[in-house]
Structures are given as structure tokens and as C-alpha cells.
Amino acid sequence: MAKEERQSADPPTPAVGRRWGMVIDLDRCTGCQACVVACHAENNVPVVGETEAAYGRSMHWIRIERYWEGEYPRNKARFMPILCQQCTEAPCEPVCPVFATYHSEEGLNAQIYNRCIGTRYCGSACPYKVRVFNWFDPEFPEPLAEQLNPDVTVRSRGIIEKCTFCVQRIRRSEEVAHVESRPVADGEIQPACVQTCPSDALVFGDFNDPDSQVSQLARSRRSFRLLDQLGTAPAVIYLKGGETNV
Amino acid sequence: MSDTIVLIGLFHESTQTADAIDQLYQMGIPEEKIVVMTGVPFPEQALGRHKEWIHLPYIVLAGALAGLLFGVFLSVVTPRLYPLTVGGRPVVAGPPAVIIIYVFTMMATIVSTFLGVVWEMGFPSFERKYYHKLTTSGHLSVLLECSPGQESKIIAVIEAHGGHHVHQPERMPI
Amino acid sequence: MSDLQAAHPEEHSPVPAGEEQETAHTQDEFRQRLLLEQTRDWEINQAVLQPMLRTGAGFWILAGVLAAVVAWGLYAWSYQIRWGFGVAGINRPVYWGIYIATFVFWVGISHAGTMISAVLRVFKADWRRPITRGAEAMTAFALMMAGLYPLIHLGRVWKFYWMIPYPNNRGMWPNFQSPLMWDMVAIFTYLIGSGLYLYLAMIPDMAMARDNTKNWRYQLYRLLALGWRGTEIEWHKLHRALSIFSIVIIPVFLSVHSIVSWDFAVTLQPRWHSTIFAPFFVIGAVYSGLAALATILVLVRWGMRLQGFLREEHFNALGKLVMVAGMAWLYMWFAGLIVEWYGNEPVISEMLHEEISGPLAPLFYLLLFCNLTPIVFLVFKKVRTTPVLLLVFTLMVNLGMYIERVLIIPGNLQRNYLPFNWGTYRPTWVEISVVAMTFAGFALLYLLFSRIFPYVPVWEIKEGRLRYTLRRIGRLLVPTAAEIE
């Protein structure tokens, strides 16, 4: 059924349930793109090649958006990492005719690969354009195939995919915590991008826990949400940067 | 069976046909035993005949209701069977339900109109029937059942009103 | 004396001397127009059956060419299924391209058939009689072509049946909150509706054809006539059913294109999220559909030599309808534009700017030219009643309306709220081949239809004849229509 397979021996959960979210501190982000690479490695995201990427078919689940301002030699780059915002009121969810995407109880915008029939309606509906499509069958030329993550499906052609907040890592941490009969600690679950970021610009946690790092950071004066006016209520919160960033 | 014979006569024109039929009534041929076949629809009662009761409107209403219920089932019941939250909306959403219910009501109305009219006309029926091919070439065919004794009088009446091709038809494949 | 002779006794009343020639000429004109007297019923039957039975080399060559285009398109589609959607020109952010634009175009074309056959039947406009079947056939085939696109544009078309609500062992149902599901059911409803309407109105003509043909045709028509004899009760029931059909299908046709427009309008895509989309699309559909009907009628009239049935007054009336629909389209289009232009939202302004003086400008101005010029020229009766001119202008309308769909769908998707994700769309040979396949498929179906089924609804024309008489009012000889059902 729709609920996860939680039995009576469930790990103890906080009384109000989880609401996963991420805070991205744009003051710390250097635009190094380590998060992009890490995400590819963790989630079996294929590389499409130069021609396809030039035609707008790159498959980054997280991307560094970069805008140039000003004229050389006084030009500046303004950049921010953008990934699936896991919107609480996601415009991509109601439009899928087969329920391949829905909102889980933990606040994740779930994407079910084997249900997707590829209408790409969700891709058109997403205002952040974070959903990517498998235009061809992915290729992992040797020895890249050895690096594939067994926790994550390898998708076939014709399927939409996007950032899942590394839901496989969330599950894994919760299972480990359950086995060890302890609650999951704040900061224990780290999606690949969070884990890799060298400047700790990305922080992941539970917004329903008022003491978690994400909750504290979200209360900062610098916080804002992307395209807030559209009413999508994203679960990704940005902290305004200094001079170089947004 | 051997007591009645079947006759068919062709007319060019509606007034002559109506006059002939009136005279046939006066001769005692009951209305149910007379069938008029035309290639063109004549207005109701132009030929002096009764309007018949049809069930079609009720079939259509029943169909519309069935469609409405099916639409309600799909849009209101199925989301509850396997509830999935999408877009922060309630599991059963109002305006989409209205659309689905409306469309299925229309679909069922249309299908039940078609099936209803086909059923009511007794179609498809491919058994041999009394018919004349010239019907679709602009003639009005009057088909009637009578006793053998009346045959010559009926033929006279028909021919007096301009009818032609009067004969006892064979059942033909239709 | 036949019904028709009885209907106009004025032949026997004296005509003032000097006017005899003119009156005779007018009488002739009216008789020709209303198919009175000169043509017996069996002559009408033969006039309609002969073009069906007579197939020259031209027919076979045309059918062959169309079939070749369809076959090539099927190859292109299977190539796309095998290798993946990447062989098409779609990308991020333009996730929908000319497949969806053509889909909307075909649904739009289908609306004219219902306009003519249902709306005009309800209004008792007799000029619809000879063209009603051609129009309804256009609707049915356009919807068949439209119905292919929800399959063609799927990334995993082999799983399409998950959109069908059936009990399954996953316990899952489709998402009825999705406009694509509304699309599916609405188009299916409309297709069934117009198909059944087309067939039902054809039954008496199937009987006529059954009575006048031999061999395989006789067998086919006998099957399709369902045993129709033309008894009064059969006619009565048929009339009731056709009345119900024509009334019920009108809200259906209004809702179908509204639902298709909501595919776009419910999203947050800039320039799509507009309440005017539903009426705008419906009016655009009527405009392009009526124009397509006029195009088809001119071609069919020429190809099947139906000049006796498809006459000047039909093109005149149809041309007026196209013009009125065009004016209504212009109104809706401007109403949408003025709000966007005045609101001055950044992305929308940029998108408007690109249409007016940017990369999309050539298409935009071509759209305006193709849609507006016919409105102006169709004001003139001479244009409406000259088949070649009507053909040119209605082809322009359809070109313009197709471009409009292309500008709205892939054109608008190229831009969105985050400029880093702006893109460009270029259709590939796969998409063009598949789109061509549906155009050729439509033409092929229509061509075959015109040879297998009587194109002109014979019984409806004969019914129309019964209504008309010629009457003298002062010095004028005018046709009058009787108020029979």
C-alpha cells in the first residue's frame, strides 16, 4: 500500500514525524561542482556526452546555476546550487497521470521510476526545471559499470528522474539506527552532495526537529526560498551569500 | 397462417398514399397490419398514422445516471482505495472530480443513446423480410396483411390512388 | 402528381409578360439549388453512388503516395520507440514539442465537424445537409489522428495501459487529478460520440447503397444497414436519437478542447497559466476546423465531381462562419495579449519581446498574416464563393493556426522563470516524419471513406427537398421552408 513497509517493530520516530529538508549556505558555496559529481556517482546518473549536453539534455540532479554580470574585466559570476526543491505543494505531483510522483509522509517528493511512462508532464510543470529525462538507454562504459551503486536502480530510457534527497541513504541510516535501537542522530543522514561539499555549504536534516542544524540555520535572517512567490513551499532553504553569490 | 396474405404496393406521392391508407382502414384492415416504408422521412402523422411510444429517452437517462455513478466511483472512490498525496492537495479533489464525472456522464449518455436506439429498432436483424428495393429510390411502400378474400379489393384501392407494382412479395434478405 | 409538383402550383399561375424570362431563370436557379423536380430520387442516388464506384488512376496514385508517407512515419515512430525519445528534438526545458502541438491541432480540427453536423442541425440550418457527413467524417478521423499522439509522445509507450482505470494486482488507479487523464477520457468520449453519430446518420444511406450495389459492397452495406427498411417507426426512432445526439455532443465538443487547453493552463509555466486558454482554444479550434472543412470540401468537390451537391451557397455560408470564427479568435487572442503586455512581468515581457522582435518573430508574423488576412478577404462574397480563393485562404488559416500551436507549446516552453534553464527546440526528422504520417493518415482515411461510403447524405438532402417550395411574394419568387421536423 502507499505507506512504507513499517511494521510494529518500527524504529522510534519523533512524535510529529519527519520533514526532511536542506539548507544551502550561499556564502560558503564556491561553485566547485563536487556535489554534482558526487550525485552522479551515488545515484547512477549517466553522463550524456558533450553534444547532448549542449542540446540541453544533461542529466544533473543537482546543478550549479551560474549567471554572469557586468562586462569584462569587472564581470562577476553569481551562482547557486539548484536541486529538486522537494516542494510541499509540488506542481509536478498532481499532473502525473499514473502517480509516478507523489508526496511521501516524510516530506519527500518521491519519484517512482518503474511507474513512470514518460509523459514528461512533470518536467514541464516544474518551475525549477530540476526534472531530467532519460532520452536514451544509459551507457556506463567499462569500468564505470563497476562503480554503480547497488542501492539505486539504473533507469532505462523513457523515464523521468530527479534528486530524491538520497532516499536510499535515509533508509539505510534509519535501518542501522533501528538495528542499534537508537534514534537517528541529527547530521547522521547525509545525501551524497552534503557529504561531499568541501565547505559544508549544504546541510541536511529534519525540519520537524527544532534543534536540528537545518532548523537552526533556517531561522537565519539570510534565509530565502527560490521562486517563493509561486507558492510551491520548497523544503530547500537558501541563505543569502555575500558579494559573489545571490 | 394460410388465412392471411401479404401484399405490397408502391406509391409516388404522400397524399395518394395517405388517401389509400385511409380507405384501407375503412375496409377494415387494422393499423398494426399496415407498414409504410420510405426512403425519405416524412413528417409525423403525414400519412395518417399513430405516433408510437418509444423508450429511448428513458434508456438515455438510465445511461446518463450510470455514467455519473461511474464517474463518481473513479474520481471519488478510487483515490480513497489507494490514497497518494499529490501537490499538497486533498486526496479527493473537487474540480477534477467535477470534470471526470461530467465527461463520463456524457460518454454514457452518448453510448446509451446509440445502443438504445439500435436495440429499440430491433437491430441488427438480418433475417429475410418483406421489402422492396425501390423504396430507397423515392417510392413509398405500403406493406399489409389481409385475408385472401380482400386481395382484389385492396389491389383496386391501391391502383385507384396511383399505386403500382402491387404484388405478393417474397421475403428477401435485408 | 408528385409531392414536388403539388408543392409549387405557381407554375400554373400567369406571369406578367416582360418578366417571364427572368422569372424562369430564377425558378431554374432555385430548382437547381433546392434539387427540386429535375432530379428524381433515384437520380440523386446514382449521382452520389457513381463517384464511389468510379476510381481512376488519380485515386490510386494519391492513395499510394499517402500510404507511403504513413509507412515511413510508422518506421520513424518505431525507430523512436527502439532507440529512445532522444531521436526527437525534445530537450530540457522543452519537454513537449511538435507532437503535442500537432495533437492540439488535430483536436482543434475535429471541432468543425460537430459545429456543422450538430449545432446547425439544432438550429435547423438547411444548408448543412450536403456537407454534414463530410464534416462528421473529418471530426472522426481528426480525432483518430489526435488520439495517436498521447501514445506517440510517451517515453515508455509500452506501458500506456497504466493510464486506463482497470483493477490490477498493484491495487493502483490512475491519477484523476491529472489533466492528461481528463484528456484521455474526453477525447475518447468525443471520438466514440462522433463515430457513433457519423454511423447512426449513415444507416438509411447504407440501406440505399445496399439496394443499389452488388458484390462486396452489397455485403458491406447490408451488414452496416443493420436491416433498415425505412418504416415509419424506424425513422421516428432515428430522428429522436439524432436529436439527442446532436444536443448531447455540443457540450462534449466544448469541453474537449477546454480540457486539452487545461493541460497547459494548469501549470505554472509563464504565459500558459492563463484563464483565457479554455475559450481561446475552443474558438481557435472552431476557426481552424471550419477552415479545414472548407479546404476539404473544395478538394472533394473537385476530385469527386460533386458540383451538383456542394454548391455556391454552401461555400458562401461556410466562408461566413470561418470569418466570424476568425474574428472571435482575434478577440480572444488580443484579450490574452493585452493582459500579458500590460502586466509587464519580467519573464512574460521577455517572451513577448522575443515573439515581436526576437528569434520567434518570423513565425509570429507569419501567424498574424495567415490568420488575419483571411478574415479580411472572406468579407467579400466573391472570395467566399470562388472555390480556389476559398481554398487558398482556408489553407492559410490552417497554417496560421498550426504555427499558433507551435508557438504556444514548444515556443513558450523555451523560456521559464530561471534563465539558466532556457533552451532552444529543433524538431528532427523523426518528429517531422511522424507528424507527416498523421496528416497523410488523415487524408488516406478520408480518401477511403469517400470511396466506400456515400459522401453526401442522400436521405438528408431528400428530406430537405420535402421542406422547400417556391412561393410568389409580389414580383419575387422565393423559396420557403416548411416547419417540419
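# Salt bridges, chain contact and backbone features

At a relative accessible area of 9%, A:Asp25 is buried; buried means under 20%, exposed over 50% and partly exposed in between (1.4 Å probe, protein chains only). The model is predicted, so local features need pLDDT of at least 70 and side-chain atom pairs count only at pLDDT 80 or more, while totals for chains, interfaces and linings use all residues. Residues are numbered from 1 along each chain as its sequence is written, chains are lettered from A and ligands numbered from 1 in the order in which they are written, and side-chain values use heavy atoms, with hydrogens and water left out.

## Salt bridges

Over all chains the structure holds 28 salt bridges, each a side-chain nitrogen of Lys or Arg within 4 Å of a carboxyl oxygen of Asp or Glu. One of them joins A:Asp206 and A:Arg18, at 3.6 Å from N to O. A:Asp206 lies in strand 8 (residues 202-206) of chain A and A:Arg18 in the segment before strand 1 (20-25), 188 residues apart. Helices (H or I, at least four residues) and strands (E, at least two) are DSSP runs, numbered from the N terminus. Both A:Asp206 and A:Arg18 are buried.

A:Asp25 itself pairs with A:Arg222, with the closest N and O atoms 3.0 Å apart. A:Arg222 is partly exposed, at 31% relative accessible area.

In chain C, C:Arg128 and C:Glu460 form a salt bridge whose closest N and O atoms are 2.7 Å apart. C:Arg128 sits in the loop between helix 5 and helix 6 (132-152), and C:Glu460 in helix 17 (residues 458-467), 332 residues apart in sequence. C:Arg128 and C:Glu460 are both buried. Back in chain A, salt bridges with shared partners join A:Arg18, A:Glu106, A:Arg171, A:Glu174 and A:Asp206 into one network.

## Chains B and C

The contact (heavy atoms within 4.5 Å) takes 66 residues from chain B and 60 residues from chain C. About 5,600 Å² is buried between chain B and chain C, 71% of it on carbon and sulfur atoms; buried area is the accessible area (1.4 Å probe) that two parts lose on being put together, summed over both. On the chain B side, B:Pro41, B:Ile110 and B:Phe114 lose the most area, together 12% of what that side buries. There are 0 salt bridges between chain B and chain C.

## Cysteines and backbone

The whole structure has 0 disulfides, a disulfide being a pair of cysteine sulfur atoms within 2.5 Å. For A:Cys96 the nearest cysteine sulfur, that of A:Cys122, is 6.4 Å away. For A:Cys122 the nearest is that of A:Cys116, at 6.3 Å.

A:Tyr72 and A:Pro73 are joined by a cis peptide bond, with omega about 5°. Another cis bond runs from C:Arg92 to C:Pro93, with omega near 10°. A:Phe99, which is not glycine, has a positive phi near 60°, and A:Lys129, also not a glycine, has a positive phi of about 50°.

| Residue | Relative accessible area |
|---|---|
| A:Cys96 | 9%, buried |
| A:Cys122 | 9%, buried |
| A:Phe99 | 9%, buried |
| A:Lys129 | 1%, buried |
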